[in-house]
There are 2 protein chains.
Amino acid sequence: MNVSRPLAAAGVTAAMERSRRLLEPALREAVAGLHPWSARMAGFALGWSDADGRPQTGDGGKGVRPAIVLLAAEAVGADAAAALPGAVAVELVHAFSLAHDDIIDHDERRRHRETLWKAYGPGPALLTGDALLALAVAQLATIPEAMRLLSAALTELVHGQSADMAFENRPWRGPNAVTVEEYTRMAAGKTGGLLGAAAALGVTLGGAQPEAAEAMGRMGRDLGVAFQIADDVLGIWGDPAVTGKPVHSDLRREKKTLPVLCALAAGGAAARELSAVLAAGLEDEDAVRTAARLVEEAGGRAAAGALAARHLSAALRLLDAHLPGAADLRALCESLVNRTH
Amino acid sequence: MNVSRPLAAAGVTAAMERSRRLLEPALREAVAGLHPWSARMAGFALGWSDADGRPQTGDGGKGVRPAIVLLAAEAVGADAAAALPGAVAVELVHAFSLAHDDIIDHDERRRHRETLWKAYGPGPALLTGDALLALAVAQLATIPEAMRLLSAALTELVHGQSADMAFENRPWRGPNAVTVEEYTRMAAGKTGGLLGAAAALGVTLGGAQPEAAEAMGRMGRDLGVAFQIADDVLGIWGDPAVTGKPVHSDLRREKKTLPVLCALAAGGAAARELSAVLAAGLEDEDAVRTAARLVEEAGGRAAAGALAARHLSAALRLLDAHLPGAADLRALCESLVNRTH
């Protein structure tokens with residue numbers, strides 16, 4: 001079975017490229033409807049131009065969510081084009097959420113570039129996020145079954161983001177500490193809602209029955225938890241040259257990420273030491289590095305990996321049961337969890 | 001005819017109170033579906049509680065937009081309850097836009113209280129705005145003809161806000177100065193889009209034909225321009241004790257408000273002096289006060305009032321033509337332009 005991963009990876013790359021070719025003209029047409037000032041900032045956010053508006057073919061993101069929409073439509077026997085408004089909508093919602101997240105988290109770098117607010121200021125970036133969301137809604141406003149899915153995803157997204165932000169005010173240890181179960185619900189909403197909506201929009205716009213959409217929603221929630229855990233792991237141990245984000249930024253911000261929660265829950269000497277380091281505050285680079293080492297020693301990295309694998313398996317089982325022929329979509333979902341950036 | 005204004009005002013007050021009684025339980029039920037942390041901030045934004053979450057019956061805003069929805073539904077012979085989801089949606093969109101506007105404009109006071117971001121921080125306020133918008137969309141996601149109206153209003157709102165923000169980078173004088181026509185288009189989108197959607201949602205959910213909704217959309221755009229001009233006038237000459245906002249804040253921020261644009265366009269000695277004062281920058285209170293005086297001397301206040309009256313008349317003509325029996329709605333629209341706060 002050693003041969004399967006490279007083959008699947010080749011399939012994913014080709015499928016993503018095909019998706020991108022279909023998506024981009026439709027996405028550009030949608031963005032062209034914005035106020036020119038917003039359209040320019042949206043073009044930067046989507047990786048089409050630099051901060052001065054000069055065309056760029058840089059890293060505009062992986063386009064995972066629209067690819068899921070289009071591959072899911074194909075998996076139910078439809079032409080991918082039938083699901084294009086859904087693909088445009090989810091990519092716009094994703095861009096909206098990144099624009100606002102980066103403001104909220106004060107993140108200055110994304111995809112090897114300045115973030116939108118860093119390039120244009122927080123006010124304009126906030127408004128551009130709103131414009132991207134309004135544009136997403138406009139794509140599906142007249143397709144009630146699709147609008148219902150998008151609206152549910154939006155609700156889950158903001159609910160998950162609120163939970164994530166509310167975690168910041170919670171302690172690392174004690175009766176009020178964030179549990180793995182709470183983390184899982186948060187990630188299922190924050191990250192899984194839109195992934196699930198992407199798959200559900202694909203099969204719905206592809207003409208499948210509501211049961212398939214419902215199953216894809218559940219699939220996406222499991223995939224989202226696995227995806228978010230992979231993100232957490234990369235946020236601590238990923239190579240900044242590959243991820244395009246500063247190293248250890250989640251740790252430095254003392255975010256309640258899963259590897260740390262698992263490490264603390266593991267007990268033992270490393271967990272106790274980690275607890276003390278966190279209690280003292282991660283003020284300098286040394287403390288951050290020590291914390292990362294202790295999370296790994298306490299088994300947080302391994303436990304996170306195991307939990308991600310479990311949720312990925314659950315997602316793949318749902319996929320196999322409901323869309324048995326979806327080889328490209330399956331390979332894409334796997335690649336999201338086993339990634340380096 | 002001297003008797004008509006007090007009578008109409010009494011009608012407006014009663015109609016607004018009736019609307020508020022119908023709206024509030026539905027709005028509270030919707031907000032209760034948010035994450036508890038967001039729901040608390042939303043409760044502050046809507047005037048239901050203070051920053052510590054203690055119940056309050058303060059100034060939660062006038063509830064103009066939901067009242068328009070409900071009165072418009074009644075005007076086409078429907079029960080106001082038929083349009084309740086539309087009323088909830090427009091009030092949520094309005095609350096969303098205020099939450100984000102106050103962050104963008106760094107405004108610290110609204111309705112005699114701290115603004116949302118001032119009370120909870122910009123990140124949480126930004127996310128609460130997103131949650132309010134997601135909730136608004138959820139109200140109408142399964143009613144396609146209503147969703148289409150809400151989506152169009154959102155698109156106009158962000159387009160108008162972008163135009164308004166882009167004005168800030170434009171000069172006061174010269175070939176690139178903002179024209180009254182540009183201002184009018186901006187205000188029709190930023191303020192008129194949602195007012196028009198409110199009236200259109202009312203008649204649509206009340207069972208009227210699409211032509212009535214289309215006319216109400218146009219009515220709202222004219223009303224929006226008149227409303228925005230009234231806002232601009234209050235922003236310069238309104239009594240802070242009544243408006244709940246600091247005096248002269250628009251001037252201090254050198255916003256391209258209509259009275260100033262009209263004053264500069266008027267020519268004459270006062271306009272020239274105003275132009276010089278603006279060119280020097282409104283650095284201190286004296287300069288701001290001088291600018292306000294010169295705007296009035298140059299005829300900016302009178303011209304703005306005349307333009308507001310013209311757009312209000314156009315809105316009332318559309319209302320009389322399409323909803324001839326809508327006395328309360330008509331009185332409400334008039335009161336929006338002839339107001340002190």
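Author: Start in chain A, where H3(A) passes H9(A) in a right-handed crossing. The model is predicted. H3(A) spans residues 64-75, and H9(A) spans residues 192-205. Their axes lie 6 Å apart, at an angle of about 30°. An angle under 35 degrees counts as roughly parallel, so H3(A) is roughly parallel to H9(A).

Now the side of H3(A). Val64(A), Arg65(A), Ile68(A), Val69(A), Ala72(A) and Ala73(A) make the contact. From H9(A) come Leu194(A), Leu195(A), Ala198(A), Ala199(A), Gly202(A) and Val203(A). By class, this contact of H3(A) with H9(A) holds 10 nonpolar residues, one polar and one charged.

Switch to chain B for two further partners of this helix. Take H4(B) to begin with. This helix covers residues 84-104. H4(B) packs on H9(B) at about 170°, with the axes 9 Å apart. Angles over 145 degrees count as roughly antiparallel, so H4(B) is roughly antiparallel to H9(B). On H4(B), the contact uses Gly86(B), Val90(B), Val93(B) and His94(B). They meet Leu194(B), Ala198(B), Leu201(B) and Leu205(B) of H9(B). Six residues of the contact of H4(B) with H9(B) are nonpolar and two are polar, with no charged residue.

Next comes H7(B), residues 144-167. The angle between H7(B) and H9(B) is about 175°, and their axes are 9 Å apart. That value makes H7(B) roughly antiparallel to H9(B). H7(B) contributes Glu145(B), Ala146(B), Leu149(B), Ala153(B) and Glu156(B). H9(B) answers with Gly193(B), Leu194(B), Ala197(B), Ala200(B), Leu201(B), Thr204(B) and Leu205(B). The contact of H7(B) with H9(B) divides into eight nonpolar, two polar and two charged residues. Leu194(B), Leu201(B) and Leu205(B) of H9(B) meet H4(B), and these three residues also meet H7(B).

Now the assembly. Chain B superposes on chain A by a rotation of 180°, with 0.0 Å of shift along the axis and an RMSD of 0.0 Å. The two copies are thus related as by a two-fold rotation axis. Which residue of chain B comes closest to the rotation axis? Pro144(B) does, with its C-alpha at 2.9 Å.

Last, confidence. Chain A has an average pLDDT of 92, and 96% of its residues score at least 70. Residues 1-5 of chain A stay under 50. For that stretch, the model has one contact beyond four places in sequence.

Key
Residues are numbered from 1 along each chain as its sequence is written. Chains are lettered from A and ligands numbered from 1 in the order in which they are written. This is a predicted model: local features need pLDDT of at least 70, side-chain atom pairs count only at pLDDT 80 or more; totals for chains, interfaces and linings use all residues. Side-chain values use heavy atoms; hydrogens and water are left out. Copies are superposed by least squares on the C-alpha atoms of residues with pLDDT of at least 70 in both. pLDDT is the predictor's confidence in each residue, from 0 to 100. Contact means heavy atoms within 4.5 Å. Axes are lines fitted to C-alpha atoms, for helices over the stretch in contact, and angles run from 0 to 180 degrees between N-to-C directions. Helices (H or I, at least four residues) and strands (E, at least two) are DSSP runs, numbered from the N terminus. Angles under 35 degrees count as roughly parallel, over 145 as roughly antiparallel, 65 to 115 as roughly perpendicular and the rest as oblique. A crossing is left-handed if the near helix is turned anticlockwise from the far one by less than a right angle, and right-handed if clockwise. Ala, Val, Leu, Ile, Met, Phe, Trp, Tyr, Cys and Pro count as nonpolar, Asp, Glu, Lys and Arg as charged, and the others, Gly among them, as polar.
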